[in-house]
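Open the structure in your viewer and keep the selection tool at hand. The tour goes from stop to stop, and each stop tells you what to select and what is there.

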Amino acid sequence: MLIRPSEVTPERVWQERRSLLGAAAGAVAGAVAGLGLHGPAAGAETERPNTLEQIGRYNNYYEFSSNKEVVWKLAEDFKPAPWTLVVEGEVERPRSWAIDELHRRFAQEDRVYRLRCVEGWSMVVPWRGFALAELLKESRPNSRAKYVEFTSVLRPAEMIGQRLATLRWPYTEGLRIDEAMHPLALVVTGLYGQPLPNQNGAPLRLAVPWKYGFKSIKAIARIRLLETAPVSSWMNAAPSEYGFYGNVNPEVPHPRWTQKREVRIGEVAKRATLPFNGYADQVASLYAGMDLQQHF
Ligand code: MTE
């Protein structure tokens, strides 16, 4: 049978590989079950991923635009290479990494995660990447390292949204160190088994699936270990609307809308939003004893 080149999308190749992997999965199921990563509630493996087109044509990326439908176009000329990632601050071994060094040092794996935006829409995304914990351990955080700050690149010449004062640039986010060390926290380098598209945060972004999407910072240039909590760009812009934690929580409404429901991109009916975006089994213990209404 002839297949036209246009039909061989990365998405289709990925789907085919996935069904092959499914056949072999029984053999390794015992091994991965121990990690607790790939159960249905963890990897969203039982949910149908959104298409590459859906994931790549509806983006929040304020460095380019606040209009989600034009970001991909405005990001076309962004240059994700060469790129340097700096890891510094409260660590024994500060260092910088070129992208190919990261690829050589850390084995990449495919992980299907749900992504829930604070605005009330969601997707299921087949990311490729490696555990953030592995990268942080390489720099040996010291005993003062309690938080991790992430900073996106600052390039107003290429990122036209950075010429406006919509947010404090460069975009900044943060995690508590135990959150950053959680095995679900992923440094993303790819999507559908291919290099990450510019509009999704090339060449490096986070995927922190139990938190609202704004925590999953794109185009990361610097990671800094800190003793005190950093103030993110969103906390700086609207402290009553965006807290440090950003955990998905249907019981805490955004001041301007409910968080009880969400619409999956490509669907019409709304579905219930799950505590910690469905990852509670794995992450709720990080917040034991905390008042989640107050620490939103
Ligand atoms: N990272 C940067 N640097 N700038 C942004 O504007 N938007 C965030 C997050 N990371 C954003 C960012 C928000 S609000 C969401 S919902 C996700 O990226 C969207 O990721 P996606 O476009 O890959 O779906």
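Which atoms of Asn 60 lie 3.2 Å from a nitrogen atom of the ligand, backbone or side-chain? Select Asn 60 and the ligand together: the atom on the protein side is a backbone N or O atom of Asn 60. Keep in mind throughout that this is a predicted model.

**Stop 1: contacts of the ligand**

Next, select Tyr 62, where a backbone N or O atom lies 2.8 Å from an oxygen atom of the ligand. On its own the ligand has 530 Å² of accessible area, and the protein covers 99% of that area.

**Stop 2: the shell around the ligand**

Now widen the selection to the 16 residues around the ligand. Those that come nearest are Tyr 62, Glu 63, Arg 205, Ser 216 and Lys 218. Colour the shell by residue type: seven of its residues are nonpolar, six are polar and three are charged. If your viewer draws pockets, look for the second largest pocket, which is the space taken by the ligand.

**Stop 3**

Show the side chains of Glu 134 and Lys 137, which meet in a salt bridge with an N to O distance of 3.5 Å. Side chains of opposite charge can pair when their charged atoms come close. In the whole structure, a search finds 23 salt bridges.

**Stop 4: two cis peptide bonds**

Select Trp 169 and Pro 170. The peptide bond from Trp 169 to Pro 170 is cis, and its omega is near -10°. Pro 170 belongs to the loop between strand S5 (147-152) and strand S6 (172-176).

Move on to Ala 202 and Pro 203. The peptide bond that joins Ala 202 to Pro 203 is cis, with omega near 0°. For Pro 203, the setting is the loop between strand S8 (194-195) and strand S9 (205-207).

**Stop 5**

Finish at Tyr 192. To find Tyr 192 in the fold, follow strand S7 (186-191) into the loop between S7 and S8.

How values were computed:
Residues are numbered from 1 along each chain as its sequence is written. This is a predicted model: local features need pLDDT of at least 70, side-chain atom pairs count only at pLDDT 80 or more; totals for chains, interfaces and linings use all residues. Side-chain values use heavy atoms; hydrogens and water are left out. A residue is near a molecule or strand if one of its heavy atoms lies within 4 Å of it. A polar contact is a pair of N or O atoms within 3.5 Å; within protein, one must be able to donate a hydrogen and the other to accept it, and residues adjacent in sequence count only if both atoms are side-chain atoms. Accessible areas come from the Shrake-Rupley method with a 1.4 Å probe; for residues, only the protein chains shown count as cover. On a 1 Å grid over the protein atoms alone, a cavity is a set of points where a 1.4 Å probe fits but cannot get out, and a pocket is an open set with protein on both sides within 12 Å along at least five of seven lines; lining residues have an atom within 4 Å of a point. A molecule sits in a cavity or pocket if more than half of its atoms lie within 2 Å of its grid points. Ala, Val, Leu, Ile, Met, Phe, Trp, Tyr, Cys and Pro count as nonpolar, Asp, Glu, Lys and Arg as charged, and the others, Gly among them, as polar. A salt bridge is a side-chain nitrogen of Lys or Arg within 4 Å of a carboxyl oxygen of Asp or Glu. Helices (H or I, at least four residues) and strands (E, at least two) are DSSP runs, numbered from the N terminus.
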